[in-house]
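This briefing goes through the overall fold and then turns to the aromatic side chains. Please keep the structure in view while reading.

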Amino acid sequence: MRALPSGARAFACAVLAFIIGCTPVPQRESDPEETDPTAVVTALLTESAAAWNAGDLERFVSDYARDSTTTFVSGGRVRSGFTWIRGNYAPAFERGAARDSLQFQSVAARWLGPEHVLATARFVLFRGDSVTASGPFTLVLREVEGDWKIMHDHTSRDPD
């Protein structure tokens, strides 16, 4: 079998890329209540804040995919793995640790495909009436066996 000349190969690749790019994203076949990705993410983040505020580390980190490829970006560094993420949060849940109350604001999300969502929001940590830390974050979530799991978390902190 002869190889295609380089010009024909480039044309074939361009046609294939065009066809793939024009393929519509499959629509979700799920409950109408779950079709709004912002509602899906808001529900997850509401539960996450409740777990944080209750001091329940395991419930809080259960939103992350238990995978070595789950990524967390913050402070200019990329970290990988559920084990690292759990270890990063664990000190805030130790007995006697100062852990301010958590809430999420400005949640927005959009579908990236039939089982992936891109979400942006803000976290706010507060003590009484005072904000102790806040900042924007971006999540990529994937539906795994009916549950939404965070595959990627990029969290930034507002300047002091």
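In this predicted model, residues 24 or more positions apart make up 48% of the contacts in the protein that have a separation of 6 or more. The protein holds 4 helices and 6 strands, and from the N terminus on these elements follow the order α-α-α-β-β-α-β-β-β-β.

**Surface and burial**
- Of the 160 residues of the protein, 29% count as buried.
- The accessible surface comes to about 10,200 Å², and 55% of that surface belongs to carbon and sulfur atoms.

**Strand E1**
- Thr71 has its place in strand E1, which covers residues 71–74, and with a relative accessible area of 16% Thr71 is buried.
- Leaving aside residues up to four places away in sequence, Thr71 touches Arg79, Ser80, Met151, His152 and Asp153.

**Aromatic pairs**
- The count comes to 10 aromatic pairs; among them, Phe72 and Tyr89 have ring centres 6.1 Å apart and planes at 85°, so this pair is edge-to-face.
- Because Phe72 lies in strand E1 and Tyr89 in helix H4 (residues 82–89), the pair ties together parts that are 17 residues apart in sequence.
- Phe72 counts as buried at 6% relative accessibility, and Tyr89 counts as buried at 14%.
- The rings of Phe104 and Phe137 are also edge-to-face, since their centres are 5.5 Å apart and their planes stand at 70°.
- Phe104 belongs to strand E3 (residues 101–113) and Phe137 to strand E5 (residues 130–144), so that pair ties together parts 33 residues apart in sequence.
- Phe104 is partly exposed at 23% relative accessibility, whereas Phe137 is buried at 6%.

**Cluster and charge**
- Ring pairs link Trp52, Phe60, Tyr64, Phe72, Trp84, Tyr89 and Phe93 into a cluster.
- The charged end of Arg99 sits over the ring of Phe93, 4.9 Å from the centre of that ring.

Key:
Residues numbered from 1 in each chain as written. Predicted model: local features only at pLDDT ≥ 70, side-chain atom pairs only at ≥ 80, totals over all residues. Heavy atoms only, no water. Helix = DSSP H or I, 4+ residues; strand = E, 2+ residues; numbered from the N terminus. Buried < 20%, exposed > 50% of the residue type's maximum accessible area, 1.4 Å probe, protein only. Contact = heavy atoms within 4.5 Å. Areas by Shrake-Rupley, 256 points an atom, 1.4 Å probe, with all protein chains shown as cover. Phe/Tyr/Trp six-rings, centres within 6.5 Å; stacked < 30°, edge-to-face > 60°. Lys NZ or Arg CZ within 6 Å of the ring centre and 35° of its normal.
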